[in-house]
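Dear colleague,

Please find the structure below, with its sequence. My findings follow directly after it.

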Amino acid sequence: MDHFKVEELCIAFGGLKAVNNISFSVDKNSIFSIIGPNGSGKTTIFNMISGIYKPDLGRILFAGEDLVGLTPDRIARRGVARTFQNIELFSNATVMDNLLLGRHIHMKTGVFTGAFLWGRGSSAAQEEIRNREIVEGIIDFLDLQSVRNHFVASLPYGKRKLVEVGRALAVEPKILLLDEPSAGMNTEEKQDLNIWIKDIQAECDVTILLIEHDMNMIMGISDRIFAINHGEKIMEGLPQEVQSHPEVIKAYLGEEH
């Protein structure tokens, strides 16, 4: 069984501890959400998991291997994909091309070379066909057919966020890190996103780690929730346990409530 856990993660910036002694484990194929006020260390944890930051202390274990010290592309090759708070797409490329770029870690040839430079029977052409089949499947799964050839810059915000989720799925991840996927979305887009995330969990055989500020969304789709503040754990538990915990309420609402 693929199992993911972090042990005693610590990182400091300029002497200030951004994350201090954080440990948790995530069950396979579950949705595990990390919540906390702005600046509490949530995205810093994601940056350590995905290899952008190297922790000062601690381990990040996936399928029995410690990911600490690996580069982001090596971590991606092991099956960890990520979306970002601010959309990280190529806005002047099409939806199709952005999703194909998500396949780059699986490609032995260049992203767009295979079927065009070699005969259709070559291994490069076969690789190209396989990558395009996977991307076509993602386009169908996320209902992006109507915008497949549109430039990302021309899409509404909610659609762009969905394309970014699609590009992460193109990595064929075992672990999917979603960093505030509903930020900037309207109510209808958020409701659609809820459905997509549950469908991804059900159909893509993937474990989801989620950072999100929308508490209705968090409470509706999470299997377990990990609450932090000032880089330290407040508590971990089932949604109803976390929602009613006094320290969580205090962190979100302040002393006067």
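Serine 40 lies in the loop that joins β3 (31-35) to α1 (42-49). Please note that the model is a predicted one. Serine 40 counts as buried because its relative accessibility is 1%, and buried means under 20%. Leaving aside residues up to four places away in sequence, serine 40 touches Ala18, Ile228, Asn229, His230 and Gly231.

The next topic is the helix α6. This helix covers residues 157-169, and its 13 residues should span 18 Å at 1.5 Å a residue.

How many of the 13 residues of α6 are buried? Ten of them are, so that α6 is mostly covered, since buried means under 20% relative accessible area. The buried residues of α6 are Gly158, Lys161, Leu162, Val163, Glu164, Val165, Gly166, Arg167, Ala168 and Leu169.

Finally, I turn to the cysteines. Cysteine 10 has a relative accessible area of 12% and is therefore buried, whereas cysteine 204, with a relative accessible area of 29%, is partly exposed. How many disulfides does a search of the whole structure find? The search finds zero.

With kind regards

Terms used:
Residues numbered from 1 in each chain as written. Predicted model: local features only at pLDDT ≥ 70, side-chain atom pairs only at ≥ 80, totals over all residues. Heavy atoms only, no water. Helix = DSSP H or I, 4+ residues; strand = E, 2+ residues; numbered from the N terminus. Buried < 20%, exposed > 50% of the residue type's maximum accessible area, 1.4 Å probe, protein only. Contact = heavy atoms within 4.5 Å. Disulfide = S-S within 2.5 Å. Expected span 1.5 Å × (residues − 1).
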